[in-house]
Amino acid sequence: KLSERLKLCNAVKQLGWVCKVLLLVDENADELLASEVPSEVRQAVKDQLVDNFIYASVSPTYLAGVIDTL
């Protein structure tokens, strides 16, 4: 769940560790979940709770490129 991941991110940051948070979102999940999750994740990015997100359907090359930019 997103809320569990956000709690984990917060706990890591409270340790004083500097890290980037990139969420991998499965847009091919069930229809209800697929319509709700991206908006919740986008809000988490806007609220600066995470750094960015990408969809799970991207190519491995693109995924590696995004990770390199962080």
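## Basis of the model

The model is predicted: local features need pLDDT of at least 70, side-chain atom pairs count only at pLDDT 80 or more, and totals for chains, interfaces and linings use all residues. Residues are numbered from 1 along each chain as its sequence is written, and side-chain values use heavy atoms, with hydrogens and water left out.

## Fold and surface

The protein chain contains three helices and two strands, in the sequence order α-β-α-β-α. Helices (H or I, at least four residues) and strands (E, at least two) are DSSP runs, numbered from the N terminus.

Of the 70 residues in the protein chain, 17% are buried. Buried means under 20% relative accessible area, exposed over 50%, and partly exposed in between (1.4 Å probe, protein chains only). The chain exposes about 5300 Å², with carbon and sulfur atoms supplying 55% of that area; accessible areas come from the Shrake-Rupley method with a 1.4 Å probe, and for residues only the protein chains shown count as cover.

Contact means heavy atoms within 4.5 Å. Taking contacts between residues at least 6 apart in sequence, 64% join residues at least 24 apart.

## Nonpolar core

The largest nonpolar core has eight residues: Cys9, Val21, Leu23, Val25, Val41, Ala44, Val50 and Phe53. Such a core is a set of buried Ala, Val, Leu, Ile, Met, Phe, Trp, Tyr and Cys residues joined through side-chain atoms within 4.5 Å. The elements β1 (22-25) and α2 each give two or more residues to this core. In soluble globular proteins, nonpolar side chains tend to be buried together.

Leaving out residues up to four places away in sequence, Val21 touches Cys9, Lys13, Val50, Asp51 and Asn52.

## Aromatic pair

One aromatic pair is found in the whole structure. Phe53 and Tyr55 form this pair edge-to-face, at 5.6 Å centre to centre and 85° between the planes. Rings of Phe, Tyr and Trp (its six-membered ring) pair if their centres lie within 6.5 Å; planes under 30 degrees apart count as stacked, over 60 as edge-to-face and the rest as tilted.

Phe53 counts as buried because its relative accessibility is 16%, whereas Tyr55, at 29%, counts as partly exposed.

## Loop residues

Gln48 lies in the loop between α2 (31-46) and β2 (52-55). Gln48 is not a glycine, yet has a positive phi of about 60°. At 67% relative accessibility, Gln48 is exposed.

Val58 is in the loop between β2 and α3 (60-69) and, at 26% relative accessibility, counts as partly exposed. Val58 and Leu24 are 34 residues apart along the chain, and their C-alpha atoms are separated by 9.9 Å.
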